Amino acid sequence: MGKTVLITGAASGFGRGVAFNLARKGCQVIAGCQIWPQVWEMRQAAQAEGLDMKVIKLDVLDDIDRAHALALDIDVLFNNAGIMESGPMVEIPMARMRSVFETNVFAALEMAQGCGKKMVQRGSGRIVWTSSVAGLVKVPFDGAYAASKHAVEGICSAMHEELAPYGVEVVTVNPGAFRTGFNDTGMESMDQWWDQAERVVDHWPERELTHQADPAEMVTAIVEVILADNPPYRTMRPLSTVTMARDEQAAIWDRKAR
């Protein structure tokens, strides 16, 4: 039998693509979905393909859901659930900022802690975190999401070193812009609150996301990371974003205040 992989945020986007691809390859997939209707729909989709996939309700913010998931024995945690909230940092409501960190950072860390402790006791395991290109570069008007992924980068870097002596691997996957709908709706999210108060800065320019890549490229890369014997610590796609990220990080050393 293949590896047993627990996936958070499996109902859509990369999580869904990875879940189905791994199941087709014979892995024991535990697909965590946020709400019950998603659980039902994903079970129907898996059954239609003849795939033996375990689909569970897993809202990563819910203590009961997390405890249920963490009781399972797994080889790999794909720590993928996440949300995006847009808006300039001087205007974004703190409730929105906290919401992003609760899901992308704190709930993800609780999942990693729960799975990681069992992996340490067993002496093996892998935790794959969905970070982002935004965790390495500046992203104006999307600072809340970028800040959460910068935090993820810091957590993963520390966990990688801390757990390596115990046979537990920690790696990241860093998507750029892909056509999953995540970026489009994330950009739109600030419109929910923008007109509810006076603003001191302009709304970000309306722009269409016309240069997003096919999600299949990222899904394929994530599946390889999960299944590989010794995957890279960081896997970024599209490949064109690697040079962009490295160049921007280098440029920060020469950045001026204005």
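These notebook entries record what I looked up in a predicted model.

**Conventions**

I number residues from 1 along each chain as its sequence is written, and side-chain values use heavy atoms, with hydrogens and water left out. Because the model is predicted, local features need pLDDT of at least 70 and side-chain atom pairs count only at pLDDT 80 or more, whereas totals for chains, interfaces and linings use all residues. I take helices (H or I, at least four residues) and strands (E, at least two) as DSSP runs, numbered from the N terminus.

**Entry 1: helix α8**

I checked the length of α8, which comprises the 13 residues 240-252. The expected span is 1.5 Å times one less than the number of residues.

I then asked which residues of α8 are buried. They are T241, A245 and E248, where buried means under 20% relative accessible area, exposed over 50%, and partly exposed in between (1.4 Å probe, protein chains only). These residues cover an arc of only 70° around the axis, so they sit on the same side of α8; the arc is that of the directions from the helix axis to the C-beta atoms. They pack against β7 (234-237).

**Entry 2: second largest pocket**

I turned to the second largest pocket, whose volume is about 160 Å³. On a 1 Å grid over the protein atoms alone, a pocket is an open set of points with protein on both sides within 12 Å along at least five of seven lines, while a cavity is a set where a 1.4 Å probe fits but cannot get out; lining residues have an atom within 4 Å of a point. Grid points are joined across faces, edges and corners, and a volume is the space filled by probe spheres set on the points.

The lining of this pocket includes L136, R234, M236, V242 and Q249. β7 and α8 are the elements that give two or more residues to it. By class, the lining holds five nonpolar, two polar and three charged residues. Ala, Val, Leu, Ile, Met, Phe, Trp, Tyr, Cys and Pro count as nonpolar, Asp, Glu, Lys and Arg as charged, and the others, Gly among them, as polar.

**Entry 3: helix α3**

In α3 (residues 63-70) I found D65, R66 and A69 buried. Their arc around the axis is only 95°, which places them on the same side of α3. D63 and I64 are exposed on the other side. The buried residues pack against β1 (4-7), β3 (54-57) and α4 (94-122).

**Entry 4: the cavity**

How many cavities of 30 Å³ or more are there? I count one. The largest cavity has a volume of about 40 Å³. Residues lining this cavity include L70, D73, C115 and R122. α4 gives the most to the lining, with four residues. The lining has five nonpolar, no polar and three charged residues.

**Entry 5: two single residues**

I looked up T4, which is in strand β1. T4 counts as buried, at 18% relative accessibility. Neighbours within four places in sequence aside, T4 is in contact (heavy atoms within 4.5 Å) with Q28, I30, D73, I74, D75 and V76.

I found A177 in the loop between β6 (168-175) and α6 (182-188). A177 is partly exposed, with a relative accessible area of 35%. With neighbours within four places in sequence set aside, the contacts of A177 are N183, Q212 and A213.
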